[in-house]
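Here are some short notes to read beside the model. Take the points in order.

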2 protein chains.
Amino acid sequence: MMNTTQSLAGTAEPARSALDCLLRPRSIAIVGASPQFAKVNGRPLKHLIEKGYTGRIYPVNPKYPEIAGLACYPDVVALPEAPDLAIVALPARDVEACIAALGRRGVAAAVIFSSGFGEMGAEGKQIEQSLRACADAHGVLICGPNCLGFVNAFDNVYATFSQYADGDTGAGPVAFVTQSGAFGTAIAALVRQRGLGLGYFINTGNEAGVTFSDLMLAVIEDPRIRVAAGYMEGMRDGPGLVRLAQRCAELGKPLVLTKVGRMAAGVRAAASHTGSLAVEDDVFDAVLRQHGVLRARNEEQMLDMLEALCSDRVPQGGGLGIVTQSGGAGVMMADRAEELGLEVPPLAPQTQVALAKVMPAFGAAGNPVDVTGQFVANPDLLLESVVTLLADPQVHVGIVWLQLMAAHVDLLVRIFCQIRDRTDKPFIICWVAAPPEAVRRLRAEGMVVFGAGERAVEAAAALVRHRQTLRVAAEQRAERAALAAAVERVAAETRGNSFCDGVQSTVQATGWLHAAGVPMAPVTLVRHGDEAVAAWRTAGGPVVLKIESPDITHKTEIGGVLLKLNDEAAVRQGFATLMQRAAVARPEAQLDGVIVQPMAAGQLELVIGVQRDPGFGMVLMVGLGGVLVEVLKDVVFRQAPFSEAEGLRMLDELRMRALLDGVRGQPAVDRGALAALLSRLSVWAAAMAPWLDELDLNPVLVGPTGPVGVDCVMVFRGQKAG
Amino acid sequence: MMNTTQSLAGTAEPARSALDCLLRPRSIAIVGASPQFAKVNGRPLKHLIEKGYTGRIYPVNPKYPEIAGLACYPDVVALPEAPDLAIVALPARDVEACIAALGRRGVAAAVIFSSGFGEMGAEGKQIEQSLRACADAHGVLICGPNCLGFVNAFDNVYATFSQYADGDTGAGPVAFVTQSGAFGTAIAALVRQRGLGLGYFINTGNEAGVTFSDLMLAVIEDPRIRVAAGYMEGMRDGPGLVRLAQRCAELGKPLVLTKVGRMAAGVRAAASHTGSLAVEDDVFDAVLRQHGVLRARNEEQMLDMLEALCSDRVPQGGGLGIVTQSGGAGVMMADRAEELGLEVPPLAPQTQVALAKVMPAFGAAGNPVDVTGQFVANPDLLLESVVTLLADPQVHVGIVWLQLMAAHVDLLVRIFCQIRDRTDKPFIICWVAAPPEAVRRLRAEGMVVFGAGERAVEAAAALVRHRQTLRVAAEQRAERAALAAAVERVAAETRGNSFCDGVQSTVQATGWLHAAGVPMAPVTLVRHGDEAVAAWRTAGGPVVLKIESPDITHKTEIGGVLLKLNDEAAVRQGFATLMQRAAVARPEAQLDGVIVQPMAAGQLELVIGVQRDPGFGMVLMVGLGGVLVEVLKDVVFRQAPFSEAEGLRMLDELRMRALLDGVRGQPAVDRGALAALLSRLSVWAAAMAPWLDELDLNPVLVGPTGPVGVDCVMVFRGQKAG
């Protein structure tokens, strides 16, 4: 989508990438510049001057000889040099010609404020398509159109008309990229309110050129950036997002994303039964989790996560220690921790002894530790309690809860600084109804301050999850080559093959899956009653008969399945019945015969599916079958291919996972065997991506000897774009 | 627990209740008063003087002749009159004697700050018990001990040492009662930050005298109070809480409660299988919902609800209209509304026509309405869009989302005032990163302002729920007499009976339930093989045999159930097998014989239970049976007795309620029949409260002819206290 190797024409310096020219320009032209600084086309110049941009600035507008003391050029051709970046603030109808002129003048990058493109319906989409083609043809990297532009606060680049730039824009460790201008500006302002500081603030607009992921991938490489935050409204580039997540994990920088559109609006109209359970957002959510992204459900949660993650301390485990001034607040926070799977560990004996020495008689010395309000009379009480608690080997992150104390701000700031200096574990201060001065001073000391207990716990949980993310990501990196090799092995076997589109025969599909290491119940295709009886004899026990036809995917709907047949007459009659039913119900269908299969049994019924996601490619789904999948929709997704370890994590995300451990006296199922099945199927699906359109294994029965796929519908549909 | 008819000794005026003396005293003694205004015993006097309390104030302390210009009395005896209220700020050891002296002096009420009572373990509890007895004996109504006291801001009564009183304490429409001092003070300060204003702020402490519910019941009668808010850490008085909820509903005043302790810490150790699913908090939560209380999960949600509920507009339906400046924010809010069951209705044709007239081409005219940022150039755009949307007949509450706009505060305040004047529907302003001045001015105009979209939606949902609550409460009031009469009819039948403790015989229990209108599968007790065979013949089909013994409640555990017996030999042999198995497994058990029962069938399996809750008395539970109840714990509770309408609401709260509508081609179950069963069982359970300890109907099978109880365990255990 972009040309990252684009070099600056006509310079003697080493070539800079177009992205570098965009984000860190040494010179900027403002096409359509205005001396009215309150207007959209006047604001960038105002900000660049006021905030001290040190590069060269070239206003371009035939109406003015100069603006704000700067020479103003009548057009792009007249510019004295090819600037790194052009800001385009023109009516939509003039944009394409401008981009062409910029290209001819050798300008590498442009940010386009103008609206009137893809956001305006079919006609606008066509205009945008034409703009994109023009930019590609002229080698201009474009950001936008229909965007507020961006801020690079490190280098005082204010290529924006966002209200955010009106206030203080001191640089900080957060890079924030947003697809929405209005909401993004609000979030940027909230980040500032928290005192965190944005290093980059970028609005991507319609993304006719650089995408959300392109821009984020560029800015996270900046060593001054510690945390990446994104706000998304739609996903245009799944593979880019996965690369971004993987790169963030490599760099050890957390990536926090908020994406709107969680509910049914995004439901996919899939043909197959299990496919219809896939709500796009569920897939998005699962793939993000798979790749270590921290998803925030709204802007407040994003800000809470950012605040905690901007701290430079990472917890070395998942144990939460709580010190509070109110027993009730302690209970509330411990409850929330339990809900989030965060441990509030009992304290080690030595910690209890040490705490007993500093605690007043009426405080409780468990975890949470209740120090009551007595620390005002005796400040050491709070200091020593927190330091002692954080020294416990099972405590990895702390929360200190207090309220008001307007008269004791100096004292408390001093205590918290002492705590910080006496421990290297991360801790969060939760100060309810805090004096604003206290919050300001503590944040200036680099401390993390929240105003509500449950939010502090959620932030602590995000810290712990970030640490787990880094561990899993390292594991995934180690597995990547082996998985790629496994996919390549399968792909090599099919190389040169050509497959027919449509529903694959059961015998063929079962054979392929079996060869891929997916345990499948054996199937025999029979074409008349005698063959059916022979197959039954071979099975040596009760069998199932199923009609076989590429045109009948939902066999039960036409009465196309007969269970537990176990004598010659029944089997013979069964064959005839199925062929007749199918002929009556679907006279147009091609009938290949009947599948004979030994009855399988299992204590648990799963559904496993593969589908081709428009964003993320081949995606696996596993769910608990029967009523549970239909009513509870207890399903989990993963992008293929993935390892057995990932398969285990997948199973762990099932809400009804307790069923895997066995209920009502049943033994636990072999999770390892199930995870292996999932992983192998994911490898096969990834290799078959050029042909496989969807696959349903429904049910997969899990019995004492492991899982076995009992029924499968496999559909191929040629190579697709993307 | 308190003496509400206590009159003031020695006055000629009409008798005032002790609660009135406590909350609205015309004279206050401060026992243990100090001239050091920063200390706990100095702060009340400081606040009373500074905030302009107009009643008489009597400091009591032998150390001082006067404090702050007021005569100080050496002891209670020396007081010139019996004050309405005494504030007791003495060491714990002196409190009881003080209360006795106050009683003798004719003081009706005392608030006790002192700690060192029930919160200090077993010894403290004993001291508190003695204090309580002393207060009762001397006719002194006590609030506390171990509390921060209270504020009645309407009458400038500051009987408190809470930090809350240090700031501005202007009276407002919220009454806030808290069991926690520290957390409560923080919440009170947050209420103030929102500009809402507390009329009453009361900390109940250990509740040795008046309870949370007593105090709340007293303050909600004040016509200046519009909303009741409570923070609880433990429930001491279930019936009082139910009375409070009912009274609030009668008055049309919302009751918002936060109670900590949502998680497993409160799990009840109940003997029976279904009973063990009951986490105390689930019961608390369900009974609160039953009686129309709005439960807030934490203090932030409580504040959000309070802010919305303090508005004097009530929505007349559940339709939410959204106007936004950002499409993404609109999607996020619509998603949240869907999650909360709030409708975001499509707009009526006339609304769409009217909106099209005022909307710019690039805004979307659906609901949410996206006005973009263009309204700054054209203010009428926002004004007319919102007024038009709110005029839609399907829209009952509105949210207007915008951000920043620091330069346009005057304009926007004016627009919102115009909107308010042109509609009588409630609307919430969600202004993200708003200039503080804007929030202040809008709140001063009586408008509701939030800073985050999802929170605004949650607040709108609380408004809608409050309206539903009032409707349901009116229905419940209308049903109350009939339910009480039904309970009395059953109670009359059992009057004079005496029952044996322990497990009741199956035949007896089934008979009682059947008579109460609960459909039960017929049972026959047989004592030898011949009788078993005869019972099978009578059944006319396959039967179940179950061992019958008051000592064996979990029959399956000893192999005490045989299914689907349908010939003479099997039935005869079955009888012998069961008697033998029971004799081997439980040699000490009394064996009454074997129950013969026709096999029942149903498409759905429920569990229904009754348990005696220590707080709320007889409580019914219904859940989806089998694996669903064991793993998903999909159960719902209600306090008995309740109506069929309540039974229907109960079924609606099951997470898997879709199963009741039939899946996989099954017909929907008869919800009315099920609700009738639940209601009748609740009436019977309420009548049997003196004897019934617990009852398990597990399973109840629901088939085409309605529900039928197949197995029941009924345990009696004499009359209990409370």
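1. Start with one pair of residues: B:Ile28 stands opposite B:Leu85 in strand 5 of chain B. This is a predicted model, where local features need pLDDT of at least 70, side-chain atom pairs count only at pLDDT 80 or more, and totals for chains, interfaces and linings use all residues. Residues are numbered from 1 along each chain as its sequence is written, chains are lettered from A and ligands numbered from 1 in the order in which they are written, and side-chain values use heavy atoms, with hydrogens and water left out.

2. Strand 5 of chain B covers residues 85-88. Strands are DSSP runs (E, at least two residues) and helices are too (H or I, at least four), numbered from the N terminus. Strand 5 of chain B pairs with strand 1 (residues 27-31) of chain B in the parallel sense, over four bridges. Pairing requires at least two DSSP bridges between the strands.

3. Strand 6 (residues 109-112) of chain B also pairs with strand 5 of chain B, parallel and over four bridges. Here B:Val88 has B:Ile112 as its bridge partner.

4. Is strand 5 of chain B covered on one face or both? Both: B:Leu85 and B:Ile87 are buried on one side, B:Ala86 and B:Val88 on the other. Buried means under 20% relative accessible area (1.4 Å probe, protein chains only).

Methods
Buried < 20%, exposed > 50% of the residue type's maximum accessible area, 1.4 Å probe, protein only.
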